[in-house]
Amino acid sequence: QVQVAESGGGMVQAGDSLTLSCAASGRSFSNYAMGWFRQAPGKAREIVASSGWGGSTTYMSDSVRGRFTISRDGAKNTVYLQMNNLKPEDTAVYFCAVSIYYCAGSGCYERDEEYAYWGQGTQVTVSS
């Protein structure tokens, strides 16, 4: 049984940092793409960052590029999202997801449909 679990959310002030962790279990995901999405109240879920097949490529959305970093530990089936210089507009529920599909080239692992397993989400609240 595959399980995906996020941790590390919380309430911080603008300018602070947080690191989210996501652990996948139930099978080996060392080569699979893993991504972070977020959903703010009243808004659609959006991609934040992804680590592609084998961790060879990464994607960062324009809204977080330069502030957030995605990294992974393949041996631990874990992906991290380091979030620096947080802004109130980063407030959202952050979801981790695992893809079992292989994709190469640009535009990969940026859509919900490319992911098979999802965590329950962790709340990040940034106050001004």
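Mentor: One term first: buried means under 20% relative accessible area, exposed means over 50%, and partly exposed lies in between. Keep in mind that this is a predicted model.

Trainee: Are C22 and C96 buried or exposed?
Mentor: The cut-off for buried is under 20% relative accessible area. C22 falls in that class, and C96 does too: both are buried.

Trainee: How far apart are the sulfur atoms of C22 and C96?
Mentor: A disulfide is a covalent bond between the sulfur atoms of two cysteines. Sulfur atoms within 2.5 Å count as such a pair. C22 and C96 form one, with their sulfur atoms separated by 1.9 Å.

Trainee: How many residues apart in sequence are the parts tied together by C22 and C96?
Mentor: C22 belongs to strand 3, and C96 belongs to strand 9. The pair therefore ties together parts whose separation in sequence is 74 residues.

Trainee: Is the link of C22 and C96 left-handed or right-handed?
Mentor: Look at the angle about the S-S bond. It is -80 degrees for C22 and C96. The link is left-handed.

Trainee: What is the torsion about the S-S bond of C103 and C108?
Mentor: C103 and C108 form a disulfide, with sulfur atoms 1.9 Å apart. The disulfide is left-handed, because its torsion is about -65 degrees.

Trainee: What is the pairing of the bonded cysteines, numbered in sequence order?
Mentor: The count comes to two disulfides. With the bonded cysteines of the protein chain numbered in sequence order, the pairing is 1-2, 3-4.

Trainee: In what order do the four strands of the open sheet stand?
Mentor: The pairing in this sheet is antiparallel. Strand 1 (3-7) and strand 7 (68-73) each have a single partner strand, so they stand at the edges. Neighbouring strands are turned by 15 degrees against each other on average, direction ignored. The order is 1-3-8-7.

Trainee: Which residue stands opposite Q3?
Mentor: Strand 1 and strand 3 (residues 18-25) pair in the antiparallel sense over five bridges. In strand 3, the residue opposite Q3 is S25.

Trainee: How many residues does the largest nonpolar core have?
Mentor: W36, V48, F68, L81, M83 and Y94 have the most contacts inside this core. Elements giving it two or more residues include strand 4 (34-39), strand 5 (46-51) and strand 8 (78-83). A second, separate core has eight residues, including I47, F95, A97 and Y109. The largest core has 27 residues.

Trainee: Which residues does F68 contact, leaving aside its neighbours within four places in sequence?
Mentor: Contact means heavy atoms within 4.5 Å. F68 is one of the residues with the most contacts inside the largest core. Its partners are R38, V48, M60, L81, Q82, M83, N84, L86, D90 and Y94.

Trainee: What separates the C-alpha atoms of M34 and N77?
Mentor: M34 lies in strand 4. M34 is buried, with a relative accessible area of 1%. Leaving aside neighbours within four places in sequence, the contacts of M34 include C22, C96 and N77. M34 and N77 are 43 residues apart along the chain, and their C-alpha atoms are separated by 9.4 Å.

Trainee: Which kind of aromatic pair do F29 and Y32 form?
Mentor: A pair of aromatic rings is described by the distance of the centres and the angle of the planes. F29 and Y32 are 5.8 Å centre to centre, with 70 degrees between the planes. Planes over 60 degrees apart count as edge-to-face. The pair of F29 and Y32 is edge-to-face.

Trainee: Why is the pair of F37 and Y115 edge-to-face?
Mentor: F37 lies in strand 4, and Y115 lies in the loop between strand 9 and strand 10 (117-118). F37 is buried at 0% relative accessible area, and Y115 is buried at 5%. Their ring centres are 5.2 Å apart, and the pair is edge-to-face because the planes stand at 85 degrees.

Trainee: Which residues do ring pairs link into a cluster?
Mentor: The structure holds eight aromatic pairs. Ring pairs link these residues into a cluster: F29, Y32, W53, Y102 and Y117.

Key:
Residues numbered from 1 in each chain as written. Predicted model: local features only at pLDDT ≥ 70, side-chain atom pairs only at ≥ 80, totals over all residues. Heavy atoms only, no water. Pairing = 2+ DSSP bridges. Axes fitted to C-alpha atoms, helices over the stretch in contact; angles between N-to-C directions. Core = buried A, V, L, I, M, F, W, Y, C linked by side-chain atoms within 4.5 Å. Buried < 20%, exposed > 50% of the residue type's maximum accessible area, 1.4 Å probe, protein only. Phe/Tyr/Trp six-rings, centres within 6.5 Å; stacked < 30°, edge-to-face > 60°.
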